[in-house]
Amino acid sequence: MIRYFSNIWQSITTLLIGLRITLVHLAKARKGIVTLQYPEERWPRPERNIGFSHDSYNVIRSRLHVDIDDCIGCLKCVRACPVDCIHIKTVKVEKGTDILEANHIGITSNGTQKRLLLTRFDIDMSECCYCNLCVYPCPEDCIFMTGGPNSSKQEIDYEFSEYNRSDLIYRFAKVPKDQVEKYTPPPKEKVKIDVAG
Amino acid sequence: MELLLQKFSEVSFLSGIPSALLFVFAATLIAVSLFMFVAVNAIVAVYAERKISAFMQDRLGPMGQGVGLHAGKWGLLQTVADAIKLLIKEDIIPSLADRKLFILAPFILFIGAFIVFVGIPFNQHILVADFNIGVFYIIAMSSIGVIGIILAGYGSNNKWALYGAMRSAAQIISYEIPLALSLLTVIMLVGSLKMQDIIIAQHGLIWGILPNWFIFNNPFTFIAFFIFFISGVAEVNRTPFDLPEAESELVAGFHTEYSGMRWAFFFLAEYANMFIVAAMSAILFLGGWQSPIPGYMDSPAWGLFWFMGKAIFLIFVMMWFRWTFPRLRTDQLMQMCWKYFLPISFINILGVGLWDLWLN
């Protein structure tokens with residue numbers, strides 16, 4: 001009989017303890033919320049101690065970025081890429097001239113005169129394997145990974161969250177879309193071989 | 001209802017219409033407005049439940065932010081969007097289900113909840129019908145729902161659904177007994193089953209300071225209130241008594257196979273039942289539409305406010321229970337009902353009888 005009543009007493013008290021905990025959480029709802037509403041709010045990137053300066057940490061693998069004004073269209077990065085995720089198309093133009101309507105500047109920051117106009121420079125980051133191999137051959141140092149030693153040039157970006165998969169193709173060419181046709185040379189006509197003749 | 005018919009008879013251009021037609025018109029008007037009330041209640045309660053659960057777990061719940069405010073400010077439109085989604089969703093009936101029963105079940109469950117609203121007084125005047133047997137009617141009609149649950153479980157031809165239905169039959173029928181017994185204490189004190197009589201009997205003060213609500217009337221009714229309320233929570237299959245739909249064991253229990261609009265009816269019924277249990281507790285033990293300070297703020301508008309306030313508070317308590325307590329096992333559930341609630345309810349009845357004899 002004593003056990004019967006102690007059971008009742010115990011259940012009431014323990015239930016009240018549980019109710020108190022949830023009520024406290026409800027009352028403190030404004031302070032203690034852990035949810036971050038992702039696209040609008042982000043966690044701060046943790047500062048990590050890697051034993052040496054961030055600037056000398058040159059193997060950071062985040063996202064490829066191209067300073068298109070410095071690119072001379074040599075295709076070395078395309079050849080270096082093991083997964084073929086870089087696509088470049090170029091058109092020959094007069095050496096060293098600015099074509100303002102195509103956002104083309106004839107001289108790189110290193111002083112090299114450009115002889116090619118880039119109509120297309122796409123990097124498909126959904127295919128990229130972050131091997132960093134395209135960075136080394138670049139004669140103008142214009143392709144690099146964002147952040148790390150390059151954070152002065154381009155802020156780090158490691159999220160790649162897009163609504164559409166095709167948004168992961170980063171298009172760097174500055175030639176306006178409606179003018180691409182204008183600078184694309186006409187396709188060469190196929191020479192017909194007259195077999196019968 | 002009588003009031004509405006009387007108002008109709010006063011309007012001149014309606015005088016030519018036969019009274020039977022007027023009666024049908026009045027009944028339809030009331031039914032539609034009650035249905036609107038049930039639907040709005042469900043939409044608001046679902047939103048409140050999601051928000052309360054989120055805050056109790058340190059989350060945000062439905063939110064809208066940024067461009068276009070996805071679900072409105074603070075996610076206010078979330079349940080509206082859910083309702084629209086349920087309306088346009090495909091209606092799936094399993095090929096091996098018992099078609100007629102499968103279609104019938106959600107409506108029986110919903111009618112069981114809906115028909116009870118006829119007997120609930122919202123304030124001094126807003127009451128569809130004040131029966132002589134008001135409490136009895138409500139207890140009887142709210143038991144209809146279990147038929148819907150069993151039909152849903154049986155008609156789905158699904159083992160989880162059937163398990164859920166069998167559990168709910170055992171649970172609802174057991175908890176009906178302490179529910180009715182603790183309700184009897186109030187009826188013994190009032191001497192009437194009429195809803196308005198019960199509320200009017202709670203007018204005035206008791207012990208000098210407290211309002212003369214039955215929860216404060218004597219220690220036995222104080223215990224009876226908690227037995228009534230907890231049994232009520234068990235009746236509407238809410239956590240911690242959600243064995244019929246135990247989602248970690250039975251997928252979704254008796255409504256596993258339901259989708260779209262039929263599933264929405266189960267949800268409407270659940271939230272309508274929640275309101276009924278809260279409203280009944282408020283009416284029987286917390287003075288219904290009576291103001292907590294007798295004599296002040298007693299007008300019908302305030303009456304509606306007090307009644308809704310009490311009911312909404314009790315609905316909040318139910319949600320609070322849900323997000324605090326883990327689910328009971330079947331044997332614990334039965335033990336709680338038959339070993340604890342039932343004997344205590346009997347002692348309560350005896351105690352209230354003696355108390356009433358001693359004082360009067």
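This is a predicted model: local features need pLDDT of at least 70, side-chain atom pairs count only at pLDDT 80 or more; totals for chains, interfaces and linings use all residues.
Student: Let's start with chain B. Which domains does the domain assignment give for chain B?

Tutor: Two are listed: domain 1 covers 1–9 + 17–88, and domain 2 covers 102–359. Taken over C-alpha atoms, the centres of domain 1 of chain B and domain 2 of chain B lie 21 Å apart. Their contact draws on 21 residues from domain 1 of chain B and 24 residues from domain 2 of chain B.

Student: How should I think about the size of such a contact?

Tutor: Interface size is often expressed as the accessible area lost when the parts come together. Here, domain 1 of chain B and domain 2 of chain B bury about 2,000 Å² between them, with 80% coming from carbon and sulfur atoms.

Student: Which three residues supply more than any others of the area that domain 1 of chain B buries against domain 2 of chain B?

Tutor: Look at B:Val38, B:Glu49 and B:Leu86, which supply 28% of that area. B:Glu49 also has a charged partner: B:Arg238 forms a salt bridge with B:Glu49, and their closest N and O atoms are 2.7 Å apart. The count of salt bridges between domain 1 of chain B and domain 2 of chain B is two. Between these domains there are also five residue pairs in polar contact.

Student: Which helix gives the most to the side of domain 1 of chain B that touches domain 2 of chain B?

Tutor: Both α2 (19–56) and α3 (78–88) of chain B supply at least two residues of that side. The most come from α2(B), with 16 residues. By class, the side of domain 1 of chain B that touches domain 2 of chain B has 17 nonpolar, three polar and one charged residues.

Student: Now the two chains. How many residues of chain A are in contact with chain B?

Tutor: The contact involves 17 residues of chain A and 19 residues of chain B. The chains bury about 1,800 Å² between them, 66% of it on carbon and sulfur atoms. On the chain A side, A:Leu19, A:Leu26 and A:Gln37 supply 29% of the area buried against chain B, more than any other three residues.

Student: How many salt bridges are found across the interface of chain A and chain B?

Tutor: Zero salt bridges are found there, while seven residue pairs are in polar contact between chain A and chain B. For the side of chain A that touches chain B, α1 (2–27) and α2 (29–32) of chain A each supply at least two residues. The most come from α1(A), with ten residues. That side of chain A divides into nine nonpolar, seven polar and one charged residues.

Student: Let's finish with single residues. Is B:Ser168 buried or exposed?

Tutor: Relative accessible area is the value to read. B:Ser168 is buried because its relative accessible area is 0%, and the cut-off for buried is under 20%. You will find B:Ser168 in helix α7 (residues 159–190) of chain B. Not counting residues up to four places away in sequence, B:Ser168 touches B:Val146, B:Ile149, B:Ile173 and B:Pro244.

Student: And what is the relative accessible area of B:Glu249?

Tutor: B:Glu249 has 41%, so B:Glu249 is partly exposed. This residue lies in helix α11 (residues 247–250) of chain B. Leaving aside neighbours within four places in sequence, B:Glu249 is in contact with B:Trp160, B:Arg167 and B:Arg327.

Key
Residues are numbered from 1 along each chain as its sequence is written. Chains are lettered from A and ligands numbered from 1 in the order in which they are written. Side-chain values use heavy atoms; hydrogens and water are left out. Domain bounds come from an automatic or database domain assignment. Contact means heavy atoms within 4.5 Å. Buried area is the accessible area (1.4 Å probe) that two parts lose on being put together, summed over both. A salt bridge is a side-chain nitrogen of Lys or Arg within 4 Å of a carboxyl oxygen of Asp or Glu. A polar contact is a pair of N or O atoms within 3.5 Å; within protein, one must be able to donate a hydrogen and the other to accept it, and residues adjacent in sequence count only if both atoms are side-chain atoms. Helices (H or I, at least four residues) and strands (E, at least two) are DSSP runs, numbered from the N terminus. Ala, Val, Leu, Ile, Met, Phe, Trp, Tyr, Cys and Pro count as nonpolar, Asp, Glu, Lys and Arg as charged, and the others, Gly among them, as polar. Buried means under 20% relative accessible area, exposed over 50%, partly exposed in between (1.4 Å probe, protein chains only).
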